Amino acid sequence: MLFRSRAAALRIVQVTDTHLEQHAGGTLLGMDTDHSLAHVLRLVQAAPDAPDLLLATGDIANHASDEAYVRARAAFDVVGVPWAWLPGNHDEREPMQRVLGRGEPMVRAVRSPHWQVLLLDSSVPGEVGGHLGAGELALLDGLLSEAPELHALVCLHHQPVPVGCAWLDDQMVADAEDFFAVLRRHLQVRMVLWGHVHQDFTSLRDGIALHATPSTCVQFAPGSAGFEIGRAHV
């Protein structure tokens, strides 16, 4: 997928862990997730500068229903900019591809004149935790090798480093060291971006910026040993 932008900088909005239920008005821990997503997207549309790209980084549906993906697709389309998605542990690949992808395979690379945005699948069917595996790592290595002149942003759902919540860090990418071994071979990688943890997180490894953003709905308490809801919601 070639994204055409003349700007040296690429303005990206990440939307993650929307957890839409099968029917509009469904709630997660008391929060109407359609309402919270709509609120976030209104803020995006009201910003003085429109984004160039919207990334939906997994757990788009809470139970992988077609109805949830149809509403997510409609919500993303209203923003009026190109968007791309990747699956989380609450999603299922087949309905995502059929509904969000309109029958087309998941987009793996979005390229502008200066940047390459790569989308990986860290989800494991039937599991909460993440794993990339040889196929995803080979894909990552190949896409980075194809465009060494482009700055690279690598996106996935699960965290590849601990975020300081013991219960969440049991769910991080199981083969994270293999993932970083690939990244170290490609000096153009600037950032790794993920969802899953429902909280803001920023760190640095091997000169690469590491970042997670809050969910559009319920947040998890930073630094918690067990499951705990954060005080601040969207």
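In this predicted model, helices H2 and H3 are oblique to each other. The angle at which H2 and H3 pack is about 40°, and their axes lie 9 Å apart. The crossing of H2 and H3 is right-handed. On the H2 side, the contact is made by Asp66, Tyr69, Val70, Ala72 and Arg73, and on the H3 side by Pro95, Met96, Arg98, Val99 and Leu100. Sorted by class, the residues of the contact of H2 with H3 comprise 7 nonpolar and 3 charged residues, with no polar ones.

Two of the residues named in that contact, Asp66 and Arg98, also form a salt bridge with each other, and the closest N and O atoms of this pair are 2.5 Å apart. The pair links distant parts of the chain: aspartate 66 belongs to helix H2 (residues 66-79) and arginine 98 to helix H3 (residues 93-100), at a separation of 32 residues. Arginine 98 counts as partly exposed, at 38% relative accessibility. Aspartate 66 is likewise classed as partly exposed, at 30% relative accessibility.

Helix H2 also meets helix H1. The axes of H1 and H2 come within 10 Å and cross at roughly 15°, and H1 and H2 are therefore roughly parallel to each other. The cut-off behind this description is an angle under 35 degrees. The crossing of H1 and H2 is right-handed. From H1, the residues that make the contact are Asp34, Leu37, Leu41, Val44 and Gln45; from H2, they are Arg71, Ala75, Phe76, Val78 and Val79. This contact of H1 with H2 divides into 7 nonpolar residues, 1 polar residue and 2 charged residues.

Aspartate 34 is buried, with a relative accessible area of 19%, where the cut-off for buried is under 20%. Apart from its neighbours within four places in sequence, aspartate 34 is in contact with Leu20, His23, Ala24, Gly25 and Arg71. Serine 36 is also placed in helix H1. With a relative accessible area of 4%, serine 36 is buried. Between the C-alpha atoms of serine 36 and phenylalanine 201 there is a separation of 21 Å, the two residues being 165 residues apart along the chain.

The discussion now returns to salt bridges, of which the model contains 12. One of them joins the side chains of arginine 11 and aspartate 49, at 3.9 Å from N to O. Arginine 11 lies in the segment before strand S1 (12-15), and aspartate 49 lies in the loop between helix H1 (33-46) and strand S4 (53-57), so this pair ties together parts that are 38 residues apart in sequence. The pair falls under the salt-bridge rule because its distance of 3.9 Å is within 4 Å. Arginine 11 is partly exposed, with a relative accessible area of 41%. Aspartate 49 also counts as partly exposed, at 46% relative accessibility.

A further salt bridge is formed by aspartate 206 and arginine 184, whose closest N and O atoms are 3.4 Å apart. Aspartate 206 lies in the loop between strand S10 (201-205) and strand S11 (208-212), while arginine 184 lies in helix H6 (residues 176-184), so the pair ties together parts that are 22 residues apart in sequence. Arginine 184 counts as partly exposed, at 43% relative accessibility, and aspartate 206 is partly exposed as well, with a relative accessible area of 46%. Through salt bridges that share partners, Glu177, Arg184, Arg205 and Asp206 are joined into one network.

At 0% relative accessibility, serine 122 counts as buried. Leaving aside neighbours within four places in sequence, serine 122 is in contact with Gly129, Gly130, His131, Leu132, Leu156, His157, His158 and Val173.

Note on methods:
Residues numbered from 1 in each chain as written. Predicted model: local features only at pLDDT ≥ 70, side-chain atom pairs only at ≥ 80, totals over all residues. Heavy atoms only, no water. Helix = DSSP H or I, 4+ residues; strand = E, 2+ residues; numbered from the N terminus. Buried < 20%, exposed > 50% of the residue type's maximum accessible area, 1.4 Å probe, protein only. Axes fitted to C-alpha atoms, helices over the stretch in contact; angles between N-to-C directions. Parallel < 35°, antiparallel > 145°, perpendicular 65-115°, else oblique. Left-handed = near helix turned anticlockwise from the far one by under 90°. Contact = heavy atoms within 4.5 Å. Nonpolar A, V, L, I, M, F, W, Y, C, P; charged D, E, K, R; others polar.
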